[in-house]
Amino acid sequence: MVKLIIDTDPGVDDAMAIFYAAAAPEIELLGLTSIFGNVRTEQATRNALRLLEAAGVDAPVAEGATGPLQMPPFTPSAHVHGAEGFGDIPAVTPVAKAIEESAAAFLCHMAREHKGELVVCPIGPLTNIALAIQLDPEFVTNVARIVIMGGSLEEGGNITPHAEANIYHDPHAAEVVFASGAPVVLVGLDVTHRILCTSDDFSAIAKAAPELGGMLQEMSVFYLHFYETVGKFDGCSLHDPAAVIACTHPELFEMRDVPVRVVCEGEEIGLTIADRAVGRPAIQVCMGVQSEAVKGLFMGHLATLS
Ligand code: RIB
Ligand code: CA
């Protein structure tokens with residue numbers, strides 16, 4: 001059983017990842033931390049609470065940073081995920097509230113309490129993770145792994161021609177994480193662009209699990225429409241679910257051990273580069289994936305939801 005905290009900016013594919021984690025018997029979901037990205041942080045916190053309530057998961061949510069380490073305030077990706085983050089599904093105020101502790105403090109204390117066992121899965125910009133590293137020097141050795149949805153070595157970008165969105169929103173935070181020596185696994189566009197889900201797939205999930213699967217199916221309509229506007233008609237990428245699946249099924253991914261740096265200014269800002277001369281420890285970058293097996297797990301686990 002993997003003890004997991006997901007750091008998230010929900011977000012349609014974040015919702016898919018969180019429901020997947022709730023459904024997976026091999027995951028013990030110890031909490032969520034919120035971050036800006038697809039929506040502002042305050043909305044991300046509400047959405048995270050709402051997803052846990054919908055899934056019937058009793059776990060804390062800690063609110064994260066409201067902006068990047070050094071960059072100016074960002075614009076949420078409403079054209080991709082909808083104004084509230086869940087496509088056309090309207091906002092609902094959750095019953096529960098976030099805990100008092102900040103996301104960074106929560107991550108540090110949980111990593112200490114579950115030393116060598118806690119897997120952290122950031123599926124938004126890396127600001128909270130960088131702050132945790134700066135807050136507690138032992139965080140990088142206390143965590144078992146940090147499995148990140150982000151980056152692209154050979155696939156090009158998805159928010160600019162060069163950059164993947166999560167890295168682009170806070171490149172300085174990504175630099176802190178990649179230079180830290182933490183045991184990092186990067187699940188980027190090199191693999192997530194090969195794991196696609198179609199409208200028929202979401203209909204099948206909704207049929208098997210009418211309530212939560214139906215909610216995902218409803219939000220997927222807006223998300224798939226965005227993909228079509230950028231010329232992608234064969235489905236949406238399972239970005240964030242792929243990272244959660246890599247936490248429990250690393251054998252489905254081919255990894256390259258390489259130091260990675262991030263371009264932090266200029267036209268190529270947010271670009272992730274494999275650079276053996278950069279003088280920092282290697283991280284594991286996913287460059288190959290058994291796409292059908294990952295998609296099979298995703299569909300199979302979601303079908304078990306109510
Ligand atoms: O590039 C894909 C990532 O950006 C995903 O985490 C998605 O939710 C968006 O945040
Ligand atoms: Ca995300």
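Student: Which atom of ligand 1 does Asp14 approach with its side chain?

Tutor: In this predicted model, a polar side-chain atom of Asp14 is placed 3.0 Å from an oxygen atom of ligand 1.

Student: And how far from an oxygen atom of ligand 1 are polar side-chain atoms of Asp9 and Asn166?

Tutor: For Asp9, the distance to an oxygen atom of the ligand is 3.2 Å. For Asn166, the corresponding value is 3.0 Å.

Student: Which residues around ligand 1 come nearest?

Tutor: There are 13 residues around ligand 1, and those that come nearest are Asp13, Ile123, Asn158, Glu164 and Asp240.

Student: Let us turn to the helices. How do H1 and H12 pack?

Tutor: Helix H1 covers residues 12–23 and helix H12 covers residues 239–248; their axes are 7 Å apart, at an angle of about 30 degrees. Angles under 35 degrees count as roughly parallel, and H1 and H12 are therefore roughly parallel to each other.

Student: Which residues make that contact?

Tutor: H1 contributes Asp13, Asp14, Met16, Ala17, Tyr20 and Ala21, while H12 contributes His239, Asp240, Pro241, Val244 and Ile245. By class, seven are nonpolar, one is polar and three are charged.

Student: What about H4 and H5, at what angle do they cross?

Tutor: The axes of H4 (residues 103–113) and H5 (residues 127–135) cross at roughly 60 degrees and come within 8 Å. These two helices are therefore oblique to each other, and their crossing is right-handed.

Student: Which residues are involved there?

Tutor: On H4 they are Ala103, Ala104, Ala105, Leu107 and Cys108, and on H5 they are Asn128, Ile129, Leu131, Ala132 and Leu135. Nine of these are nonpolar, one is polar and none is charged.

Conventions
Residues numbered from 1 in each chain as written. Chains lettered and ligands numbered in written order. Predicted model: local features only at pLDDT ≥ 70, side-chain atom pairs only at ≥ 80, totals over all residues. Heavy atoms only, no water. Axes fitted to C-alpha atoms, helices over the stretch in contact; angles between N-to-C directions. Helix = DSSP H or I, 4+ residues; strand = E, 2+ residues; numbered from the N terminus. Parallel < 35°, antiparallel > 145°, perpendicular 65-115°, else oblique. Contact = heavy atoms within 4.5 Å. Nonpolar A, V, L, I, M, F, W, Y, C, P; charged D, E, K, R; others polar. Near = heavy atom within 4 Å. Polar contact = N/O pair within 3.5 Å; in protein donor to acceptor, adjacent residues only side chain to side chain. Left-handed = near helix turned anticlockwise from the far one by under 90°.
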